[in-house]
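Subject: Structure handover

Hello,

Here is the structure I promised to pass on. My notes follow below it.

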Amino acid sequence: MSLETMTRKKGRRFPGERTTMESLPDDMLRRILSRLCDARDVAACSPVSRRWREATAFIPSLHFLSNALQGGGTPADADILRMVSAAASSLEDLVIHCPFSGRSLASCLALCGQSLRSLDLRVDLLDGGLDCVSLAKGLESLKLWHPSLISSPNWGLSAYGRLRRLEMVGGMVLSEHLADVMRACPHLTDLILIRCCSEGAISIELERLERCKLDLYLTVHCSLNLNSPRLQDLDIQGFFRIQVGHNHRLKRLSIANNEGEFHNTKITTFLSIKLKFKLNDFKCSLGNVTMVDVGKLPELEYLSIEGQHWYWSEIRTLLRNAIEVELLVINIEYSGDFLEPETFPAIQLEEFFGNHRKLRKLEIHGAFFAAFQHGISPEDLELEFMISSSLEELIVAVSSPLHLKEKANTLEYLLKHCVKLRRILIRISQMVRDEKFDDFFEDIGNIRNLYCTIIHIDLPLSTVPV
């Protein structure tokens, strides 16, 4: 063996010699190629040389998208099996978003089940059920696109002892089968359901759950009963009754129940057959929140409550319990303790800010903002005192011509008496140009002239007065 050959094998190079991929040591080549994840790139690297083909066996991630092959073609089962088999010992992250058979998926998971930590599947393109997913015993993260939990997967009790994160996006998730999934994943810390359709009462009891996002739509009288002592972050939408065990550690809470769109004929038809209701039955539970029981909120830093109609008793209880909140979003159009919407009752400004002394940012709908004015007497407007609050930023969304004068008076009052207020953003939308609007805009303009560095107005160009 020549000196030049020995030197190159040790990863050294002579002065003036150019460094190429072939001259790199094996461990460095593996390190570079291990950063690849797209199956198309991995497939292009394998034929380069024997060293490259051997190095691709150490790739930890493989992503098979719909155009995963060169030329944009869809990979066949044999292509996926071959590439997974080559990297089976080191594969930790597997993504399959292309048509695939359940039998081939079972073979893949049998090959890499010990090393696999993350699995991401397009279930609607999978020819077969989800039972074989339980072959990956070491999974820590599972993401399923468009699942149809109209029957429980045969995972068995506590099938996923190491699974920490479960995410399902855009599918039908029936409550009784979701309960079976929860029993198979007892150690979840993150549970995410996005744009899923469901019905009935959902009950979740997970000892280690810390973050939970349940974004449901096309729901029918859907209620939630959640009990997780380690819960810190809760983001839910689509429930009209909500009950959370009082032994939580909530720091972020977001509750919404906005009116949805009936665009998915397949889901609507399926639920109509199963539950025997008409489309009008959807509407009685959309946008309404009638009960929220989360107990005291001593550690809560962020609170967001949104929806078309909330019972006033639930709004009041939430605000009274969230005394430590720093960021508050209130985007509710109507209140009242019956299904018939009503305007918000009078709200004492001094009491509201006195109960939320740490509040730094407030984002509020115009209807709720107008209710503040009813709590201010003419005598109070003449008093020279400061509201004891940490409020620094205020965002007001105005979309109705109702109570415009009250909104302007409340705004002026806050500017005078909130000593730390540094920025106000007024968002005007869906407003029709009329005499009331012109008067409101004139009042806001006069206030802005006095506080030009604080007040900012965001409105469509079509509504700007000439």
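A cavity here is a set of grid points where a 1.4 Å probe fits but cannot get out. By that rule the structure holds 2 cavities of 30 Å³ or more. Please keep in mind that this is a predicted model.

**Cavities and pockets**

The largest cavity has a volume of about 50 Å³. Its lining is made up of Phe369, Val396, Val398, Lys407, Leu411, Ile426, Phe440 and Ile444.

Which element gives the largest share? That is H12, with 4 residues.

**Aromatic rings**

The count comes to 8 aromatic pairs. One of them joins phenylalanine 368 and phenylalanine 372. This pair is edge-to-face, at 5.8 Å centre to centre and 90 degrees between the planes. Both residues lie in helix H12 (residues 366-373), 4 residues apart, about one turn of the helix. Are they buried or exposed? Both phenylalanine 368 and phenylalanine 372 are buried.

Phenylalanine 372 also pairs with phenylalanine 369. That pair is edge-to-face too, with 6.2 Å between the centres and 85 degrees between the planes. Phenylalanine 369 and phenylalanine 372 both lie in H12, 3 residues apart, again about one turn of the helix. Phenylalanine 369 has a relative accessible area of 2%, so it counts as buried. For phenylalanine 372 the value is 0%, so that residue is buried as well.

Ring pairs also build a cluster. Its members are Trp312, Phe344, Phe352, Phe353, Phe368, Phe369 and Phe372. Note that Phe369 belongs to this cluster and also lines the largest cavity.

There is a charge over a ring as well. The charged end of arginine 252 sits over the ring of tyrosine 302, 4.1 Å from the ring centre.

**Cysteines**

How many disulfides does the structure hold? The number is 0. Cysteine 132 is in no disulfide, and the nearest cysteine sulfur, in cysteine 108, is 9.5 Å away. Cysteine 132 counts as buried, because its relative accessibility is 13% and the cut-off is under 20%.

**Helix H6**

Cysteine 108 brings us to helix H6 (residues 102-112). Buried there are Gly102, Ser104, Leu105, Ala106, Cys108, Leu109 and Cys112.

Best regards

Definitions and conventions
Residues are numbered from 1 along each chain as its sequence is written. This is a predicted model: local features need pLDDT of at least 70, side-chain atom pairs count only at pLDDT 80 or more; totals for chains, interfaces and linings use all residues. Side-chain values use heavy atoms; hydrogens and water are left out. Buried means under 20% relative accessible area, exposed over 50%, partly exposed in between (1.4 Å probe, protein chains only). Helices (H or I, at least four residues) and strands (E, at least two) are DSSP runs, numbered from the N terminus. Rings of Phe, Tyr and Trp (its six-membered ring) pair if their centres lie within 6.5 Å; planes under 30 degrees apart count as stacked, over 60 as edge-to-face and the rest as tilted. A charge sits over a ring if NZ of Lys or CZ of Arg is within 6 Å of the ring centre and within 35 degrees of the ring normal. A disulfide is a pair of cysteine sulfur atoms within 2.5 Å. On a 1 Å grid over the protein atoms alone, a cavity is a set of points where a 1.4 Å probe fits but cannot get out, and a pocket is an open set with protein on both sides within 12 Å along at least five of seven lines; lining residues have an atom within 4 Å of a point. Grid points are joined across faces, edges and corners, and a volume is the space filled by probe spheres set on the points.
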